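Subject: Structure handover

Hello,

Here is the structure I promised to pass on. Please open it first, then read my notes below.

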Amino acid sequence: MLPLKEKDKPIIQKLLSAGCCARCVLRFCCVSVQAAYRKQPEETLKELQIFINDTENDKYAAESETSEDPPNKRAKLETSITDVQSEEEAAAVVKSKDGDSRVCVVCLGILQGLCGTTQAIKVSEAVKAGNYEFDTLVLSVSLPAQLCVREHSCWLYVKKEVREKGLVLDKDDVIQVKEAFKWIMQGMVTKELGGIAVVTKVSPFEVSVEFTHPETDADCHFLAATCPDCFKPTKNKQSVFTRMAVVKALEKIPDAKFLKHYPCPPTQPTSSCSPQVQCLHVSVFVAGRYNKFCRSLPQTPWVIDGERRMESSVEELIAAPILSAFRADGFNFSSSGREDVDVRTLGNGRPFAMELLNPHKSRFSKEQMKQLQETINQSSDKIKVRDLQIVTREAMSRMKEGEEEKTKSYTALVWTQKPIQREDISFIDDIKDLTLDQKTPLRVLHRRALAVRQRAIHSMSTRFLDSHHFYLRLKTQAGTYPHFKWHICAMMNYNISVDVDWPPPVPE
């Protein structure tokens, strides 16, 4: 039997007469026993009817002990609905004995036909179709905003009865639709997925059931007029009636004002909610270092005014094999600084990281990551990747911190118009911590403000080649652009290496 008490009977009668489904009746009676929600709705409804009728039958039996005339059947039916408030309410209770075929006025069908084996099968089919790699999953539920309005209306409907009976009951004690839905569905989904656990805590894999309803705006529209400051248009939302905004408005509006604009109990809905199942795996982060050997390869896709300037980029050459291997829906690429399109990146290379969005495959061994690295390196002779590995989200911050702390090593081949001797350039080796006033380069003005920033060249060294050429090595502060002119020479070309120890080296 259901875990109900005598004090629940007047609430049950009012909710059934208002058009609430059996499970919503349990919610408003604050039943927290999960097994009670897992019963079939028809079975629960019968038990509720037996429960509220028991008192009347007991009352009638007590009266009949002092009566000489036997009761007739009509009298018994009348006494079974004595506590119902009106003839219309009585008719609703009697009608519901044939089965609750109406859409619930509170949950809009979510805890009725949309909460059972059929829905569990749909969830499992969506998971299997995505071919995800996971051990556990979290089931999340998104509800239409007007459920808050309808629940508030229903609460006000029983509130008077609660106070008159002297019952201790608060709106916050009512079991949430989301919670009841999960209690019912978790075991069913686990069964359909062959025993894979549906957990209540954190899992990297989430299955979301989003419910929508065509009457959302109509049910919430009066709140926009009474609490306009709660509803502000946003770029990413199709409707201003978000669940958060509606909850905020309901907290502000007085009961009398609410009842003036919205029916109590709620009106019978014309349709039930529509569910949509979506699967989402948390992002996986991949990091490494890259070398760039080509002087006509931008770091990211180079598109100006909708026109592509170069056929590929470092980002695309690295991302394509990784995206395919993880079967991800998309990615975000970032690196420790940038280099010009005509600059090679040598030495230890430049650290980079990729956030893989909704990866369907997420587990890779060290051997598999090495093989993926080899696939990238074999796909192009313009770049090479090293130390490819999966990292945590927290480890990503190390790369960003390094952008301010790191030093860069540049090597430039320098041509001089005037013939020189080895001694002519020896003074450069003694220059330390040279401060530059550096203007924002034209090529980055579209993303950085025009300003003069101080940057430091920590050290310089030279290697003499011949009377017109020498190598110049610079170790500079992060953010230094080496496109400056020397009064004794002109740069022919240069290479770059980023001196930050991230990600950690992967042993060969």
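I start with a group of rings. Y132, F134 and F205 are joined into a cluster by ring pairs. Keep in mind that this is a predicted model.

**Aromatic pairs**

How many aromatic pairs are there? The count comes to 11 aromatic pairs. Two of them are described here. A pair of aromatic rings is described by the distance of the centres and the angle of the planes.

Take Y132 and F205 to begin with. Their ring centres are 4.7 Å apart. The planes meet at 40 degrees, so this pair is tilted. Y132 sits in the loop between α7 (117-130) and β1 (136-142). F205 belongs to strand β3 (residues 205-212). Are Y132 and F205 buried or exposed? Both Y132 and F205 are buried.

Now Y290 and F352. Here the ring centres are 6.2 Å apart. The planes stand at 50 degrees, so this pair is tilted as well. Y290 is in strand β5 (residues 284-292), and F352 is in strand β9 (residues 344-357). The pair thus ties together parts that lie 62 residues apart in sequence. Y290 and F352 are both buried.

**Strand β5**

Y290 leads on to its strand. β5 is mostly covered, with 9 of its 9 residues buried. In a regular strand the side chains alternate between the two faces of the sheet. In β5, V284, V286, G288, Y290 and K292 point one way. F285, A287, R289 and N291 point the other way.

Which strands pair with β5? One is β9, which runs antiparallel to β5 and is joined to it by 8 bridges. Within that pairing, K292 stands opposite T345 in β9. Another is strand β10 (residues 383-391), also antiparallel to β5, over 7 bridges. There, V385 in β10 is the bridge partner of Y290. So Y290 has a ring partner in F352 of β9 and a bridge partner in V385 of β10.

**Charges over rings**

Two lysines are worth a look. The charged end of K14 sits over the ring of Y157, 4.4 Å from the ring centre. The charged end of K361 sits over the ring of F364, at 4.9 Å from that ring's centre.

**E151**

E151 is in helix α8 (residues 146-164). Why does E151 count as buried? Its relative accessibility is 12%, and the cut-off for buried is under 20%. Leaving out residues up to four places away in sequence, E151 touches R27, F28, V106, V174, Q176 and V177. V106 is 45 residues from E151 along the chain, yet their C-alpha atoms are separated by 5.6 Å.

**The whole chain**

Finally, the overall numbers. The protein chain has 15 helices and 15 strands. Of its 508 residues, 47% are buried. Among contacts with a separation of 6 or more, 78% come from residues 24 or more positions apart. The accessible surface of the chain is about 26,900 Å². Carbon and sulfur atoms account for 51% of that surface.

Best wishes

Notes
Residues numbered from 1 in each chain as written. Predicted model: local features only at pLDDT ≥ 70, side-chain atom pairs only at ≥ 80, totals over all residues. Heavy atoms only, no water. Phe/Tyr/Trp six-rings, centres within 6.5 Å; stacked < 30°, edge-to-face > 60°. Helix = DSSP H or I, 4+ residues; strand = E, 2+ residues; numbered from the N terminus. Buried < 20%, exposed > 50% of the residue type's maximum accessible area, 1.4 Å probe, protein only. Lys NZ or Arg CZ within 6 Å of the ring centre and 35° of its normal. Contact = heavy atoms within 4.5 Å. Areas by Shrake-Rupley, 256 points an atom, 1.4 Å probe, with all protein chains shown as cover. Pairing = 2+ DSSP bridges.
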